[in-house]
Amino acid sequence: MSLLRYTLRRFAQAIPVLIGIVTITFFLANQIPGDPVEIMLGPTPAQEQVEAIRAQYGLDRPIHVRYFTYLSGVATGDLGLSIYYDRPVLEMILLRLPVTLLLMLSAFAFAIVTAIPLGVISAKRRNEPADHVSRIVSLIGVSTPSFWIGLVLIIVFAFYLGWFPARGLVLPWADPADVRGAATRIGVLRQTAHHLFLPMIGLGTLQMAQITRIERSSMVDSLQGEYVKLARAYGVPESTIVRKHAFQVAQLPVITIIGLGLSTALGGAVLTETVFEIQGMGRLIITAINNQDYQLIMGTTLVFGFVYVIGVIVTDITYSYLDPRVTYGDE
Amino acid sequence: MSVNSATSDDDTPDNSDESGGPDEVEARVGLRYTLKQVRQDTTARIGTYIVGFMTFVAIFAAFDYYVLDYAIAEAVLYNPETDPQNVRRLLPPVGMENQFGQGVLEHPLGTDHRGRDLLSRTIYGTRIAMTVGFLATAIGLGGGTVIGAVSGYYGGWIDDVLQRVTETIYAIPFLVLVIAFMTAFGRDLTFAMVGVGITAIPVFNRLIRSRVVSIREEDYVEAARAAGVKDRNIIFRHIIPNSFAPVLVQATLQVGVSILIVAGLSFLGFGAQPPTPSWGQMLSASRGYMLPAPTFSIFPGIAILITVIGFNILGDGLQDALDPRINN
C-alpha cells in the first residue's frame, strides 16, 4: 500500500474516534448546571425574551435532536454561536488556535533539540557522570509541574534579571505598527522570540525530560544490536557507528513518545497560557467555562481532541515513513 | 505518564516468557517477592524512603487535624485574620528579608498573603496531595482492571466496544477532559479525584488487557476452565494476580502523575477551593505576589517536586527490581 493510501486510511479510521469525542463532549456539556440564558439576561428576564433566546440557540428542542443537529453542524464546520463573545465559536477558535499551536511547536522544538543530544550522550557514556547528570535532569523534568516551572522562570528571568517579558505573546504575523518596539517584520519576529522563550521552556521541559529518557534507553538497546557489533568488527569508527548505525534505528520509539506527549502538552498549554497570560485556546476554554458558554466549551474541547488525534496520525505517518519494516498496515 | 505505560507495556511479555516453569512463576509474583526485590534495589529503596516520609507527613497532618487540636489547625490554616493586629503578611523565610519585614523563627518558611504560616500549610498540603494521588489511582486501577480483564478475556464485540470507548476517552487531552468533566459535575476536590481517576482508566485497561490476552491461553488457565471454574474466578483469582508486577509499577507512577494533574487543576481554580491548603491552590494565590514575596511561590512547588520525584524513583526502581531480564 502506498504512503498516500495509508495516510487516507489512517484519517478514515479516526472518524469514529472523532464522533466519539463529539458525543462525550456534547453529553458532558449538557450536564453543566445552571441556565446559560439566565446568565445572559440576568436573574429576572421577561418570559418572551427567554423563549426567543432559547429558540435562537436551539435550547428548546429535545436532547437527541440537539445532538444530531450539533453533530451535523460539526461535520460542516459549524460549531454554533458563542454566547459570551457573541460571535461564531469557530471564528473564536481560529483566532486562538494559531497561538496555542505556535506555543506547542516551539515547546516541542526545544524539547527535541535538547533531549536528543542529552539522551545520546547519556547512552554512549552509560553510568558515567554525564549519564547521571542527564538522568537526574530528566527525572526532575518529569516530576515538576509545568506551571511551577513557569512561575520560577518569571521570578528569575523576568523580575530579577529582566531578560524576558513576564506575560503576553507577540504573534509573528502581527502588523509591525501594532507591536510596541518593532518597526519592521524582523522587529516583530524578534519580539515573538523574546516573548516565546520562557513559555516555551515552561511547557517544553516535561517533553524534553520524557524524550531524553526514551532516547537514552532506546540508544542503549540500539548500541547493543547485532548490526552495531558487526560494524565494530569491521572497524567502523565508533562515532560513525553512533551517528549512522545506532542513531537512526533508535529514533522510532522517540517518535511514538512525541505523539503520546501531545496529550500532556495540550493540557500543559492550558496551564502555561494561564501562567504567562497568553490568549490562546487554553485561556479560551477557561473563559468559556467561567461564563458557562456551552457552545464554546464544546467547541474548544472538541478542537483539543481533534488536534491531538491529528497529531497522533501525523506521528504515525512519520513513523511508517521512517521505518522500512512497516508495511502500511497490510495484514 | 504515557512514557512509562509504554515501557512497562513492552516489558510485560518478558515477565511471563522468561520466567520458565510454574514454580518460578509462583516465586515471581506477590508481595513478599516484591519487598525482597525492593530491598535489594538502591533506586527503589530511595523512592521508598521519600514516599514513606511524605506518607508519614500526610498521616501526621491528618492526625493533627482530626485528633489533636482542630481549633488550632483551623486558626493557623484557615482564618488567621480573626486577630488582625497580629497578622504578619508575606513574611520571608527565616534569615531573609523583604519589603514586609524580616523572617521570624515562628514562621520558618515565612507567611502567605493572609499571614498564614507557609510551613504548616505546605505540610497540610501533603495530606490532600497524597489522598488525591492514591484515590485517583485506585479509581483508575479499579476501573481499568475490570474493563481490561473483561475485554481481554471475552474478546469479540465486548472487547471492540470497550476498547473503542476507552480509546475515545484517551483521545481527549486529559487535563481538558477533567476540566470538562468537573464543569459538568462539580468543581471541588472530589470530582477532581474522580475525573483524574477516569483519565487513568485507559492506561490500566491497556496494561491489564494485554496481560489477559497473553495469559488467557496459558495451561493453568485452560486447566482451571476445564475443571469448571467460573470465568469470573479465573479472571480475578488467576489472571489478575499474575499481572501484579507491571500493574504495581504503573500504579506507583500514576500516583505521581495524579498529584501533578490535581495540582494543575487546583492552580486553574478547579479542585481544592480556598482556604483549603492545597499546593496547587497555594501556587495560584502566590501569583499576585511574585515580585514582593517570591518565596511564597517556591515552597509549595518544591513540595510537589519532592513528592512526585519520590513516586517516580520508586516506580523506576520497582520496574528494575521486578524485571526478570535485569535480575537474571
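Me: How many helices and strands are there in chain B?
Reply: This is a predicted model, in which local features need pLDDT of at least 70, side-chain atom pairs count only at pLDDT 80 or more, and totals for chains, interfaces and linings use all residues. Residues are numbered from 1 along each chain as its sequence is written, chains are lettered from A in the order in which they are written, and side-chain values use heavy atoms, without hydrogens and water. Helices (H or I, at least four residues) and strands (E, at least two) are DSSP runs numbered from the N terminus. For chain B the counts are 15 helices and two strands.

Me: What share of the residues in chain B is buried?
Reply: Buried means under 20% relative accessible area (1.4 Å probe, protein chains only). Of the 328 residues in chain B, the buried share is 54%.

Me: How many residues of chain B are in contact with chain A?
Reply: Contact means heavy atoms within 4.5 Å. Chain A contributes 47 residues, and the residues of chain B that they meet number 45.

Me: Which residue of chain A forms a salt bridge with Asp316(B)?
Reply: A salt bridge is a side-chain nitrogen of Lys or Arg within 4 Å of a carboxyl oxygen of Asp or Glu. The rule finds two across the interface of chain A and chain B. In the one with Asp316(B), the closest N and O atoms are 3.0 Å apart, and the partner is Arg213(A).

Me: Which helix gives the most to the side of chain A that touches chain B?
Reply: Among the helices of chain A that each supply at least two residues to that side are H1 (3-31) and H10 (238-275). The most, ten residues, comes from H10(A).

Note on methods. Buried < 20%, exposed > 50% of the residue type's maximum accessible area, 1.4 Å probe, protein only.
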